[in-house]
Amino acid sequence: MRAGTILRAVWLLVAVGFMLLPVYAMLVVASAPDDTDLRGLVFNGFHLPENIGVLFGEGNLPTYLRNSLVLCVGTGVLDVMFSAAAGYAMAQLSFPGRRVLFALVIGTLALTPMVLVIPVFLIVKELGWVNTFQGMMVPGMISAFGVFLVRQFALGIPKELLLAARVDGAGEFRIFARIAVPLLKPALITLFLVHFLAQWDNLLWPLIVANEQELWPLPVGLANFQSEVGVTYHLTTTAALVTAVPPFILMVALQRYYVAGLTFGGLKR
Amino acid sequence: MADLTRRGLLAVGALTLLAGCGKDQPRQQAADGRPHGEVTVWLHGSQDTGGQFQELVHRYIAEFQVDVKLLYLPVGQLDAKLLTAFSGGAPPDVFKIGHWSFPAHAKKKRLAPVDTKALPLQNYEPGTTTPLTYQDVPYGVPIDFNPCMLYYRKDRFEEAGLDPDKPPVTWEEVAEYSAKLTSKDRRRVGLQWLYGDPQWALMMLTALIQGKGGELVAAGGAKASLATEQGRGALTYMAGIGNPTLSNPLGALGLFYSGEAAMVVSGAFLGPALEKLGKDTLTFGKQYGVAPMPTWAGGPPVVPAYTWGWGVAKDSPNQFTAWHLVNYLQGAPSVTANLDNGIIIPTKGWRDAGPRGKSEIMKIVADSIPHVDFGPIIPGTLELAKAAASAVDSVAHGKASPAQAAATFDSTVRLVL
Amino acid sequence: MSVLGRVRARPQATAGVALTLPVAVFFVVFWLVPFLAAIYLSFTDYEMAGTPNWIGLANYERMFADPGFLNSAWITVVYTVCTVVPTIVLALLVAVPLSKPGRLNRWLRALVMIPAVMPLAATSMVWVIIYSDHGMANTLLGLVGIDPQSWLTSSDLAIWALVVMVVWKSMGLFVIILTAGLQALPGEVYEAAAIDGSGAVTTFTRITLPLLRRTLLFVLVISVAGSMQAFVPAFLLTGGGPADATQVLPYYIWANAFPYEHMGYAAAMGMVLLVAMVIVSALQFGFLKGGDE
């Protein structure tokens, strides 16, 4: 039994070590003074602060970072608001068109974005939103996943609670804001987190719709980095590291909700 | 209600589509022959000439009070972005794209013909604007014009007992020398191809097939076939030389630099690039030399070439200024600065623009202009080139016989052309 | 309930419609209309210019004569199987010991999340460097006497280079999900098994796996769907090349839509991919239902 425990610990350390190797390589290359050594095994001094300084001093990284934050926080908040309203209503209220809407939401869960890119682009163009923040933000604003998540969660709100409030004469909107939203809070935090992470990683859509560097979020900027004059491998890696930091902080702070969101589909019906 | 909504949605969908597709008429513009307003330019960055280019743009802005906006994009993303911009009706005024992209855009009426009042076309070497011309209308001007030539390592030739001053002249000799230059384990080879690169695969097949009197693309671009005697012969020939499993981050050019490859087909840019690489600089005439593109024994000279080109959008409200800017960017200071880096802007007298114009490499370029072949100038070149790379790669790796690869190529391109 | 319900039906309907209206409008405008447009396009010869002409099933027939499509479909199958199976097996091998309580495990569980939250664009950047000629992959192989390889530029290796990266990236995610699933299993069952004297392997196959079935299915469904739709790795690491070796179907669809402008054909392939995904998901759920009985 003792030997088993040690064996298990050794296996875990080796496995996790291998999983962290690329992260380690990223740290090493991002801390290098130049890009002559790309092995990523041995630290050659620690120049990470200087490299970050270079990126924030001359490059477009601060712009990309700001755009990504605006994009992710902005659409995240909107997604939470709209999904909370719709998810709650679909779970607890009876109104015409509820079933149709639910079918629509479930249907979009299965759609692959690849085929929709051009039609969505044409719609955004008709709205005059090409090369604007709203053009980048709105099409990805509400996710079927979010509505579905909140709905499933809202099904668990006891009917009696809502009924009691109605008997007390509370209006439907008041019930939603005062009773449902506080109860839905864990699901809403999870949704914000999942939405933030997904948008933080969104490359395809901003690439298509944003024509000015001023508007680019991090993934587009990062993909474009090599073509900027004077940018080299170690600086690209530093930029990649900077890109990875905000999701990581958010994740550490809200780990509980993240795991809850991920396991949502696996544990609940 | 459901029924009504559905029909309404379909109508809205169809409308959105049509609205996006039907915009063919160009916006009206003031053709007053004076540059003004705003011009956006999309291009890919270059480490070598980027600084000079930006300086030139600033000078233009100061001189003509035109607001020029530059957007640098990675080569791999520029085409896709340009297409969405075109279909969205909001293209940049000026863009730099490969010559292979011009026919498709021209066919779809997205390009503005060259405004010869702003940009005199007769300044260019005859033949170098051909690939940017579609159905007799010129749509662009060339930059980074590259006819192929043969680079060879003199040191490797000497080692193998070959005369370092007598590079191979025919493809037969290339094969013969390659056999002598290839080590037993094939870690060191004679001629190395640029495996996996579509444009280069297309160029090599063009040279080998056309040099034997065959045609990769026939009937004015309506039909392409590799399943011909010459096509299968070209694939067999390519598979017999080089080693597709050799690796280098810079590809075949890196292998040439390291000496693992004794010969490589490339353009004029390679010479200056080799001088800048790493610590062990290669010197022209010492470690390496150049020779004109080989021909088949007794066959005609065929020099495959490519070029990038400046184009202007038909929807641009400021076409005169756009061409005026292009003309400025192609002027004498650019020709000189580019020539220093081995990049050719083929305006007349380009060889006199700088000391490098007198080099052996540039002499080969000048001599090859009459025999230059840009390959098929048809929409669909991208797919043709990709299919060519697949065919060459699968035969080289022994995954398919020349006949099988040629048949696959034919059934792929039949759907495209 | 019924009387009260009827009395309250109208305000509920008003509130329900009001609360769902923004979402309904959004889904109609940005999902349903584009989806219907894409279906329509798949029956046309739309080439990103001019008017789409109705050509019936020609795009769908074209797929079966197109070596590019057949090759891409095959690569997608290989890529999906070779990413999903090792990811789940490896994740399970890590998650089972990792789900046990303990201070070390708590730390390791936090560390495992790092790859999972790395943005894909950043991940790709790092792996380009790992796969470079003098990068980590070749250096480590050199230690055991294997020659350096050109991971991303060899048509034999490139697809496996992508597979390794994706396995690494998604493994962290699945370890977290499986660990959470394992921790939610009732402890008494294990105590009973220990009293019975069952070995570790027997406990795992007889007790853990069946109890974990639902979590495993979830992991399977999202990883299969993710792999079938994977576009960014090929886009950023290899551009679908060299010589089509990493041209997974989503990339081929993208290439047909963008450089080649065969929008109608791309839409048709998108529909086929969609149908394939629905069928595969249905099969997986059917598998679970069968297991429940």
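## Two domains in chain B

Domain bounds here are those of an automatic or database domain assignment. For chain B of this predicted model, that assignment gives domain 1 as 30-147 + 305-373 and domain 2 as 149-304 + 376-414. Taken over C-alpha atoms, the centres of domain 1 and domain 2 of chain B are 28 Å apart.

Where the two domains of chain B touch, 24 residues come from domain 1 and 24 residues from domain 2. On the domain 1 side, the elements that put in two or more residues are helix H4 (102-107), strand E6 (140-147), strand E13 (303-312), helix H13 (360-368) and strand E14 (372-373) of chain B. Helix H13(B) gives the most to that side, with 7 residues. By residue type, the domain 1 side splits into 15 nonpolar, 5 polar and 4 charged.

Now for a strand in chain B: E1, residues 38-43. Of its 6 residues, 5 are buried, so strand E1(B) is largely enclosed by the rest of the structure.

Strand E1(B) pairs with strand E2 (residues 67-72) of chain B, running parallel to it, through 6 bridges. One pairing to look up in the viewer is B:Glu38, whose bridge partner in E2(B) is B:Asp67. Strand E1(B) also pairs with strand E3 (residues 94-98) of chain B, again in the parallel sense, over 2 bridges. There, B:Trp42 stands opposite B:Phe95 in E3(B).

## Chain C at a glance

Chain C has 13 helices and 0 strands, and its pattern along the sequence reads α-α-α-α-α-α-α-α-α-α-α-α-α. The C-alpha trace of chain C spans about 80 × 75 × 35 Å along its principal axes. Its radius of gyration is 24 Å, whereas a compact globule of 293 residues would come in near 19 Å.

Out of the 293 residues of chain C, 49% count as buried. If you take the contacts in chain C between residues at least 6 apart in sequence, 70% join residues at least 24 apart.

## What the UniProt entry says about chain C

An unreviewed UniProt entry lists "domain: ABC transmembrane type-1" for residues 73-284 of chain C. In the model, that stretch of chain C is 77% helix and 0% strand, with its end C-alpha atoms 20 Å apart.

The unreviewed entry also lists "transmembrane region" for residues 21-43, 73-98, 110-130, 157-178, 216-243 and 263-288 of chain C. Residues 21-43 of chain C are 91% helix and 0% strand, and the end C-alpha atoms sit 32 Å apart. For residues 157-178 of chain C, the figures are 95% helix and 0% strand, with 30 Å between the end C-alpha atoms.

## Where chains A and C meet

Between chains A and C, 73 residues of chain A are in contact with 78 residues of chain C. On the chain A side, two or more residues each come from helices H1 (2-30), H3 (61-92), H4 (98-109), H5 (113-126), H9 (172-200), H11 (218-224), H12 (233-253) and H13 (255-267) of chain A.

Helix H1(A) gives the most to this side of chain A, with 13 residues. The residues on the side of chain A that touches chain C divide into 56 nonpolar, 11 polar and 6 charged.

How values were computed:
Residues are numbered from 1 along each chain as its sequence is written. Chains are lettered from A and ligands numbered from 1 in the order in which they are written. This is a predicted model: local features need pLDDT of at least 70, side-chain atom pairs count only at pLDDT 80 or more; totals for chains, interfaces and linings use all residues. Two residues are in contact if their C-beta atoms, placed from the backbone, lie within 7 Å. Helices (H or I, at least four residues) and strands (E, at least two) are DSSP runs, numbered from the N terminus. Ala, Val, Leu, Ile, Met, Phe, Trp, Tyr, Cys and Pro count as nonpolar, Asp, Glu, Lys and Arg as charged, and the others, Gly among them, as polar. UniProt positions are given in the numbering used here, feature names are shortened, and annotations may be inferred rather than shown by experiment. The radius of gyration is taken over C-alpha atoms; the globule rule is 2.2 Å times the number of residues to the power 0.38. A residue is buried if 20 or more other C-beta atoms lie within 10 Å of its own, exposed if 12 or fewer, and partly exposed in between; C-beta atoms are placed from the backbone. Two strands pair if DSSP finds at least two bridges between them.
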